[in-house]
Structure formats: C-alpha cells, structure tokens
Amino acid sequence: MNCLLRRVQSYAIKFVFLEKWRAVFILNNYLCFVLKSDIQMKKFMMIMVLSAAMFACKTNKEDKKTDAKETVASNYNSFGDEISEKDYMSSADAYAKYQTLKAGDTIRLKFASSIEEVCSKKGCWMKLPAGETNETIMVRFKDYGFFMPLDSNGKEVIVEGKAFVKEVSVDELKHYAEDAGKSAEEIAKITAPKMELAFEANGVLMKK
Amino acid sequence: MNRLFFVFVLLISFSSCKTDDKKEAPKELIMREQSEMAVLMNKMFDENEKIKREILNGEIPQGFPDHYLKIHSATLTDPTDRTPQFKVFSDVYLKNLKDVFETNEESLKNKFNATINSCIACHQTTCLGPIPRIKKLLIK
C-alpha cells in the first residue's frame, strides 16, 4: 500500500508540476521520507501536497485567462500590424465616409466587411463590398508588407488603415482583372478609367 | 484515514486540473510562398535603402552587388511575366545601378534616382503593387 501510494503521489506531483522536474524529485523524496514518519509529519505532508495542488490549479486558471484572451483574438487570424477587434464601423458607415472624400483627401478608418475577391496570384489586394451598394472598396496593404491567404474569399474581416479615392487607369484596371483571374473577354471590356474607393490597410483581422 | 484523504485530495487535483487539454487543430491558411524573384526583390529593396542612406550621409556606396544578376534567372511569381520587355528593363536597371557605383559624388543622387525609376517603370508593366513602396526609395 505504501509503495502504491508513493507511486500515485509521485505521478500526481509530476503531473502538477510538469516541467519542474527538479522540484518534483526533491519534493517527492521528501514526502516519501515523511510517509515513514509520525502522524504530525504526515499531516504536514498532506498540507504541502494540498497547497501544491491548489497552486497548480491556480496556475491553470491563469493560463485559462490567457486562453480566454487568446480565444477572443484567436477567433481571428491577424495580418500586418496587430489591431484590436473593437471600435470598428460597418462597411456601410465606411462607405458614407467615402462619400465625403475628394481626390487627395485621406482619412483613417477601421471597418468590418467580408472579402468579395482576393488577388488570386499573391493575395496582395482584396475587394470588400461597400455596405449594401454594388461598389467595392479596394484594399491594398501598407508597403506591400503583408498578403492575405489565397483562399480567403467570403471571410469576414476587420481592416484598419487609410481611406482615399483615386482614379484608376484602364491599364491598371486590366492588370487587377488579370490578377483576379478574369477571362480575356472580360478584360477586353475594360475601356474606361474608374474612380476607386481605395484603402491602404496597416492591419487586418480575418475571422476563422 | 490520512492516506485515504491524501489519495482523495490527489484525485480531486487530477480531475480539477485536467481540463481544456483538447484544442482544435487550427486550419491552415493557403498563403502564397515567396518566389525566388520576390525574395531577390525584397533584398534589393533593403540594399537600395542602405545605398540611399549612404548617399544621404555623404558616403560613397562601394561594390556592385553581383547577386543582382540573378534577376535574369530567378523564378517569378508568374513565370509568364518574364518577357523580352522584362529582360530590357532588367538590363536598364543593372546598368543604372552600375553607374551609381562608378559615378562621381555630385551625380550620385541622380544616378540612384534613375535606378529606382527604372524599377518603377518595369513594375508599371508587370506588378503594380510594390510601386508605392519603391517610390519611397527616391531621394528628394
């Protein structure tokens, strides 16, 4: 019984302390010694084990807190600068802000939308629907410093960065159509420049 | 009795601590791996940034980087972009960069900007994305 108890005790302490092997062996040897001792010492040993168990559980709770924090953050994959998932506006509100801009104006925005289209070659740009309109917001990434996954069409995102409007030339429009994997026929249909709702994101959160 | 209590305490600690061990394996995202050319271009960007700093500090850049010649062979993200036009742009870029290392101090800024402008000119025909970043290399 004593031997069995010692084994249980040994595994339990190893479990509780995990990597703290050195402490485990020292404590374990000490407890084994105590088991052969008088009742007072056994009580002392029990208090120690109980404290160790409580300490271990407390540590786990702290880990869980970290997990919970991560759970909020880990609902998203982060790209570029780490941004928070709070204080963003809808893409409809962002669209309303765009209506106040003229060429050359820049404002900082943080809004949520879902990816309508992503660059199929590298993931170096994405188009987000602007509210319920037929328009899209063209998102590029600051300093070409990060890209989106190629399979991220339809995913919900929160983007933070600079919003502006600009005229995009026919050549550029054709280039992006090519990137998007459009057919030669579709590309040939592009004959006029277009005012673009542009966005330079410094950080993106994409819902998993 | 004490031992029973001891075992009981351990069992409690086992059951209370052993939670949330199972986590869902995260889904892998399909990211585009950097092509040889993308790696080379990023290196070129960093090194041209260094050259810019040297020029601004009144130093004279030394030693043409021979590994830039890989521009003629590195695999592109889209291999169809390696056109005769790309070859011409590559040659112009390398020539301009060589000039930076062979010119006098007064012409350094102009020669360097000519190099960067050749990058921009090429990117306007193949890959537009990095242009705003490359423009930051220009010495004003």
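Colleague: Which residues does V157(A) touch, not counting residues up to four places away in sequence?

Modeller: This is a predicted model. In it, V157(A) touches A112(A), S113(A), S114(A) and I115(A), and also V204(A), L205(A) and M206(A).

Colleague: Which residues have the most contacts inside the largest nonpolar core?

Modeller: That core has 31 residues, and V157(A) is one of those with the most contacts inside it. The others named with V157(A) are A94(A), M126(A), I137(A), V139(A), V159(A) and V204(A). Among the elements that give two or more residues to this core are α4 (91-98), β3 (107-114) and β7 (156-168) of chain A. β8(A) gives the most, with 6 residues. Apart from this core lies another, of 11 residues, including F89(B), L97(B), I116(B) and C119(B).

Colleague: How many helices and strands are there in chain B?

Modeller: Chain B has 5 helices and 0 strands, and its pattern along the sequence reads α-α-α-α-α. Of its 140 residues, 16% count as buried. Where contacts in chain B link residues at least 6 apart in sequence, 63% of them join residues at least 24 apart.

Colleague: Where does Q34(B) lie in chain B?

Modeller: Q34(B) belongs to the loop between α1 (2-17) and α2 (36-56) of chain B. Q34(B) and T77(B) are 43 residues apart in sequence, yet their C-alpha atoms are 7.4 Å apart in space.

Terms used:
Residues are numbered from 1 along each chain as its sequence is written. Chains are lettered from A and ligands numbered from 1 in the order in which they are written. This is a predicted model: local features need pLDDT of at least 70, side-chain atom pairs count only at pLDDT 80 or more; totals for chains, interfaces and linings use all residues. Helices (H or I, at least four residues) and strands (E, at least two) are DSSP runs, numbered from the N terminus. A residue is buried if 20 or more other C-beta atoms lie within 10 Å of its own, exposed if 12 or fewer, and partly exposed in between; C-beta atoms are placed from the backbone. Two residues are in contact if their C-beta atoms, placed from the backbone, lie within 7 Å. A nonpolar core is a set of buried Ala, Val, Leu, Ile, Met, Phe, Trp, Tyr and Cys residues joined through C-beta atoms within 7 Å.
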